[in-house]
Amino acid sequence: MGSPLKWKMEDMIERLVKIQKENEEDKKETVSSEESITITKNATVKKPKTCKICKCKFQPYNSLQIVCSSKCALSHIDSNKRKEHNKKIKAFKENDKKYLLKKAEEIVNKYVRLRDKDKPCISCGYIGDKRQFHAGHYKPKGRNSALRFNEQNIHKQCSICNNHLSGNLVRYREGLIKKIGLLAVSNLECNNETKKWSVEELKAIIKEYKLKIKELDWHNG
Ligand SMILES: [Zn+2]
Ligand SMILES: [Zn+2]
């Protein structure tokens, strides 16, 4: 596509060719089948359409016209370009590990908050509504990447314990033993694996936890 002016010229020529072709085809049509009747009718009696861009009513020159004017045709091309661009961004995000890590974490955290909806803060036992609740990791996710999405390692925690008391870990441990048992806590403590999450694994986690959230939502009514 060149400049808008050039494009308009090309568009006009294209329109003229189209109209001419349609006219020729109309002449060729015989009233031998139902189909040809409809084709002929559509070509001669054109119902007014609503412009895709400005929403005004207009008389189309043929059945393919979806915008009222060349001005709206240009905006329509712009909006198509935008859609194309957004598609590309989406495709990129879907394969970008940094983005997927963030997304997976968001979804797992959301699941944990939902799972622990009626539970108190794992560290201090707070249960009111004056504090925000986070999904707090027992073993920090940065140094223990293998436990990053391990449900046993993530529990509902109040913002004061999570942000201001650096996880309030001594009390976290007490709460965790009560909740999942000493053996499970010891297993977490022994696990010092690092893990490089692949794009496929992250996508699988996102999918799995979206489903789990749906199930919990369903159970909670
Ligand atoms: Zn328009
Ligand atoms: Zn707390």
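**Figure 1. Overview of the protein chain in the predicted model.** The secondary structure consists of eight helices and four strands. Read from the N terminus, the elements follow the order α-α-β-β-α-α-β-β-α-α-α-α. The chain has 221 residues, of which 17% count as buried. Among contacts with a separation of 6 or more, 62% are accounted for by residues 24 or more positions apart.

Figure 2. The phi angle of K55 is near 65°, a positive value in a residue other than glycine. K55 counts as exposed because it has 9 C-beta neighbours inside 10 Å, and the exposed class extends to 12 or fewer. Leaving aside residues up to four places away in sequence, C68 touches C51, C54, C56 and F58. The C-alpha atoms of C68 and I53 are 8.2 Å apart, while the two residues are 15 apart in sequence.

**Figure 3. Close-up of the antiparallel strands β3 and β4.** Strand β3 (residues 133-137) is joined to β4 by five bridges, and the two strands run antiparallel. β3 is mostly covered, with five of its five residues buried. In a regular strand, side chains alternate between the two faces of the sheet. Both faces of β3 are covered: F133, A135 and H137 are buried on one side, and H134 and G136 are buried on the other. Strand β4 (residues 154-158) is likewise mostly covered, and five of its five residues are buried.

**Figure 4. Close-up of the packing of helix α4 against helix α8.** Two packed helices are described by the angle between their axes and the distance between the axes. For helix α4 (residues 97-115) and helix α8 (residues 199-220), the angle is about 25° and the axes are 9 Å apart. The two helices are therefore roughly parallel, since angles under 35 degrees are classed in this way. Their crossing is left-handed. On the α4 side, the contact includes K97, L100, L101, K103, A104, I107, V108, K110, Y111, L114 and R115. These residues meet V199, L202, K203, I205, I206, Y209, K210, K212, I213 and L216 of α8. By class, the contact of α4 with α8 comprises 14 nonpolar, no polar and seven charged residues.

**Figure 5. Close-up of the crossing of helix α6 and helix α7.** The axes of helix α6 (residues 169-180) and helix α7 (residues 182-190) come within 7 Å and cross at roughly 125°. α6 and α7 are therefore oblique to each other. R173, L176, I177 and I180 of α6 make the contact with L182, A184 and V185 of α7. The residues of this contact of α6 with α7 divide into six nonpolar, no polar and one charged.

Conventions
Residues are numbered from 1 along each chain as its sequence is written. Chains are lettered from A and ligands numbered from 1 in the order in which they are written. This is a predicted model: local features need pLDDT of at least 70, side-chain atom pairs count only at pLDDT 80 or more; totals for chains, interfaces and linings use all residues. A residue is buried if 20 or more other C-beta atoms lie within 10 Å of its own, exposed if 12 or fewer, and partly exposed in between; C-beta atoms are placed from the backbone. Two residues are in contact if their C-beta atoms, placed from the backbone, lie within 7 Å. Two strands pair if DSSP finds at least two bridges between them. Axes are lines fitted to C-alpha atoms, for helices over the stretch in contact, and angles run from 0 to 180 degrees between N-to-C directions. Angles under 35 degrees count as roughly parallel, over 145 as roughly antiparallel, 65 to 115 as roughly perpendicular and the rest as oblique. A crossing is left-handed if the near helix is turned anticlockwise from the far one by less than a right angle, and right-handed if clockwise. Ala, Val, Leu, Ile, Met, Phe, Trp, Tyr, Cys and Pro count as nonpolar, Asp, Glu, Lys and Arg as charged, and the others, Gly among them, as polar.
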